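Come along as I look things up one by one.

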Amino acid sequence: QVQLVDSGGELVQAGGSLRLSCAASGRAFSTYHMAWFRQAPGKEREFVAAISWNGINTYYADSVKGRFTISRDNAKNTVDLQMSNLKPEDTAVYYCAARAVRPYSGVRFFDYEYDYWGQGTQVTVSS
């Protein structure tokens, strides 16, 4: 299994930028697809971005496309989410998640399809 620790969340003004990081330990990091999800108060957890095990393929929710960038460093066992032009509606707890690579199955976009989760990091965007 893998353990995930999220960090980097804080209070930021609208239009600002923030970089979230997720550090993984345990089983080989490169055998996992990685993703970021978020959950705003009173709302369900939603997909934000995902990256394939080798970093070649990335995917984004429409609401963050062009503003957020997901990246990973398999040598350092980290996955980052660079967020720019932040909006108040981006306010949420952000979670990184890991999905073990499976035969004939790639990156997924629903939270129940992920195997391991970080503890979450709060991002608050003020208007």
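Predicted model: local features only at pLDDT ≥ 70, side-chain atom pairs only at ≥ 80, totals over all residues.

Reading along the sequence, I wrote the pattern down as β-β-β-β-β-β-β-β-β-β-β.

**Overall form.** Next I checked the radius of gyration of the protein chain, which is 14 Å; this agrees with the value near 14 Å for a compact globule of 127 residues. I also noted that the C-alpha trace spans about 45 × 25 × 25 Å along its principal axes.

**Core.** Which residues have the most contacts inside the largest nonpolar core? I looked through its 37 residues and listed Met 34, Trp 36, Leu 81, Met 83 and Tyr 94. E9 gives the largest share, 6 residues.

**A look at Met 83.** Leaving out residues up to four places away in sequence, I saw that Met 83 touches Gly 16, Ser 17, Leu 18, Leu 20, Arg 67, Phe 68, Tyr 94 and Val 123.

**Contacts and burial.** I took the contacts between residues at least 6 apart in sequence, and 60% of them join residues at least 24 apart. Of the 127 residues, 42% count as buried.

**Surface and charge.** The accessible surface came out at about 6500 Å², with 49% belonging to carbon and sulfur atoms. Last, I noted 13 positive and 12 negative side chains, and the centres of the two sets lie 5 Å apart.

Note on methods:
Residues numbered from 1 in each chain as written. Heavy atoms only, no water. Core = buried A, V, L, I, M, F, W, Y, C linked by side-chain atoms within 4.5 Å. Buried < 20%, exposed > 50% of the residue type's maximum accessible area, 1.4 Å probe, protein only. Helix = DSSP H or I, 4+ residues; strand = E, 2+ residues; numbered from the N terminus. Contact = heavy atoms within 4.5 Å. Rg over C-alpha atoms; globule rule 2.2 N^0.38 Å. Areas by Shrake-Rupley, 256 points an atom, 1.4 Å probe, with all protein chains shown as cover. Lys, Arg positive; Asp, Glu negative; His and termini not counted. Charge placed at Lys NZ, Arg CZ, Asp CG, Glu CD.
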